[in-house]
Amino acid sequence: MESSKQEVVFELPMTLHVHKDGHVERLIPTVFIPPSTDPITGVSSKDTVVVPQSNITARLFLPKITDPKEKLAVLVYFHGGAFVINTPFITPFHKFVTILVSEANVVAVSVDYRKAPEHPIPAAYEDSMAALKWVASHSSGDGPEPWLNNHADFQQVFLGGDSSGANIAHNLAMTAGNPETGLSIGLLGIALVHPYFWGSVPVGSEADYPDDKSIINRDYVDRVWPFICPSNPDNDDPRVNPVAEGAPSLGGLGCQRVLVCVAEHDLMKDRGWLYYEALSRSGWKGVVEIFETQGEHHGFHCSDLEHEKSKQLTQRLAAFYKTY
């Protein structure tokens, strides 16, 4: 007879199984890549503990320094993975942030927030805000991390992320718009790549999107939020549906500039467009832009960083971070 560990009681196809005994099996192989100095770009990386109490860690990236006195913009980056998989320390995200840091000439902090279901929402948001406050603790030049003390310009702080990481970046920017947050720095901008936004009622092409055997289909996305947020398993929770009825106004977004990146064949593309349109008419005083990659799917850039369209997306992000 099969053990309870072998009996699957919940699954996200090709991503995760939860067994009857509570064991969580992540199905995507992860290979840790150590921090280093990249021989091609000259970007250096190292790992640090951000919040010792909960062991929240991050990987820091520093571009090749030509002028030790020059201050560089800061990018706090949040990786994707449906809030349940991935870390900054695996090959796709390490290499992507390395290339982005080289292209944009920024200091980056790539955050390893805790994952559901062991740590359900709001853990990822709490960890990410704690990391952002840790970054901000260096603004007077006497924080624990020399790279930030010596090279960071805290007038130019950006948040970025892909998929669930883009969701985190949006939600942190909403929190940063509240003066009671206690964040000691302002955010210049956020860049959201293929953001994980959803809702109970289909919008745009979602109603016609085929529920085929691809990973990102309607059934898959419908199941994510209720799984990662059992305390409020509603796909119209404003944290996942920022344009839901009764959601806080996007006019309170706490940054000056926003870039939304979508992909033509991504099921969640129309959510990105809807966010862009809603933000444009919300009364928010900043500047929002949108960039669509034709012929590509959700998260395509992480699977092939050498692809020409991946390079174009990286260059568009770098331009956003370099235009102050």
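Guide: A crossover is right-handed if, with the strands pointing away from the viewer, the path from the first strand over the helix to the second runs clockwise. Strand β6 (residues 72–78), helix α1 (residues 91–104) and strand β7 (residues 107–112) make such a right-handed β-α-β unit; helices (H or I, at least four residues) and strands (E, at least two) are DSSP runs, numbered from the N terminus. This is a predicted model, in which local features need pLDDT of at least 70 and side-chain atom pairs count only at pLDDT 80 or more, while totals for chains, interfaces and linings use all residues. Residues are numbered from 1 along each chain as its sequence is written, and side-chain values use heavy atoms, leaving out hydrogens and water.

Within the unit, β6 and β7 run parallel and are joined by five bridges; two strands pair if DSSP finds at least two bridges between them. Val76 has Val109 as its bridge partner in β7. β6 also pairs with strand β8 (residues 152–162), in the parallel sense, over six bridges. There the partner of Tyr77 is Gly160.

Ser128 lies in helix α2 (residues 123–136). Ser128 is buried, with a relative accessible area of 0%. Helix α2 is also one of the elements against which the buried residues of α5 pack.

Conventions: Buried < 20%, exposed > 50% of the residue type's maximum accessible area, 1.4 Å probe, protein only. Contact = heavy atoms within 4.5 Å.
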